[in-house]
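Please look over the sequence and the model before reading on.

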Amino acid sequence: MQTHSLAERPDLVEAFWSIAGDWPTFMLQDPTSDRAYEAAVEAFPQLHLVVMEGEAAVARLHAVPFGHGLSDLPVRGWDAAMQEAEWLAAKGAAPDWSTVSLIEARVAVDRRDEGLSGALLAEARRRYAALGCRDLFGPVRPTRKWLEPRTAADEYARRVREDGLPVDPWLRAHVRLGGRIVQVAPLSMTIPGTLAQWREWTGLPFDVDGSVEVEGGLAPVHVDLANDHAVYVEPNVWVHHDLRPAPAAPRARSHSGPASRRRRQCRAWGGDMQIHPRSAGGGGRSGGPGPVPPPITTPARGCLGARSQLWGDR
């Protein structure tokens with residue numbers, strides 16, 4: 001398998017788009033996506049990657065230039081990143097590659113459970129760093145949050161396993177590659193529709209005011225019968241990948257005792273791993289959700305002094 005950017009291989013644009021997804025129908029109705037998705041692919045081919053196996057496209061990754069940092073991540077998450085990319089593309093200005101936001105990683109349905117998403121994310125980190133990216137963010141959609149639509153996104157994102165890694169598989173994939181969870185983007189995607197549209201998208205009656213759970217939704221849909229509409233507001237989780245070159249580590253004295261061997265093993269296996277997602281910060285242009293919660297420290301098994309921080313410090 002080979003990975004190419006659309007800047008390197010513009011002839012693979014059709015292959016890029018050919019990878020079918022299995023999103024719930026209602027997730028394809030986001031107005032921002034309708035306007036901005038294709039324009040971003042055309043304007044920023046350097047950030048769009050496609051994985052080819054022979055003549056078949058098996059995975060793709062979509063990302064855009066991003067104008068925020070850890071101190072001002074937008075609460076509108078995915079929609080904000082796409083909207084800003086749309087404006088930048090319309091102006092025709094030269095993009096600044098120093099800060100990038102991930103948008104979507106998609107693997108062909110028949111090639112899932114092969115580790116392609118993690119490998120594609122690792123390749124994106126490498127390629128974007130080569131472009132000059134230093135801060136890679138992403139409004140991550142936790143893959144299993146839909147099983148608990150009424151659980152607060154903040155609570156769900158904080159859950160960790162015994163080894164200190166996130167319970168959610170997609171958050172865990174980011175963390176294993178060096179990502180750090182920053183904060184929730186509570187208004188990351190907003191999908192409005194009439195009650196008739198929602199009935200068509202979901203097959204549900206939508207005949208009761210209040211909150212209605214829909215399959216695949218990370219949160220309930222808000223229904224207003226009197227005004228004939230329903231609105232889905234999806235929370236995502238900002239993750240941050242610091243792509244700056246790591247400073248050279250000082251040479252340490254050699255020790256041969258058991259404790260020293262365990263410490264070396266911890267370092268080799270990432271015992272001092274930092275967890276953080278796409279972007280960080282509160283306030284700023286989109287009115288952030290507030291300060292980052294204090295770090296939760298969980299000892300890694302078998303490691304002396306190792307720790308895994310969820311919601312890392314600034």
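**Helix α3 and its surroundings**

The buried residues of α3 pack against α2, β3, β4, β5 (135-140), β6 (180-194) and β9. Buried means under 20% relative accessible area, with a 1.4 Å probe and protein chains only. Contact means heavy atoms within 4.5 Å. Helices (H or I, at least four residues) and strands (E, at least two) are DSSP runs, numbered from the N terminus.

This is a predicted model: local features need pLDDT of at least 70, side-chain atom pairs count only at pLDDT 80 or more, and totals for chains, interfaces and linings use all residues. Residues are numbered from 1 along each chain as its sequence is written, and side-chain values use heavy atoms, leaving out hydrogens and water.

**Helix α3**
- Of the 15 residues in α3, 11 are buried.
- Among them are W78, M82 and L88.
- G92 follows α3 and has a positive phi, near 70 degrees.

**Largest pocket**
- The largest pocket holds about 1600 Å³ of space.
- Its lining has 48 residues, and D22, W23, A105, R112 and T143 are the closest to the centre.
- Elements that each supply at least two lining residues include α2 (31-43), β3 (56-65), β4 (99-107) and β9 (229-242).
- A pocket is an open set of points on a 1 Å grid over the protein atoms alone, with protein on both sides within 12 Å along at least five of seven lines; lining residues have an atom within 4 Å of a point.
- Grid points are joined across faces, edges and corners, and a volume is the space filled by probe spheres set on the points.

**Largest cavity**
- A cavity is a set of grid points where a 1.4 Å probe fits but cannot get out.
- The largest cavity has about 30 Å³ of space.
- P142, K145, A153, Y156, L218, P235 and V237 line the largest cavity.

Terms used. Buried < 20%, exposed > 50% of the residue type's maximum accessible area, 1.4 Å probe, protein only.
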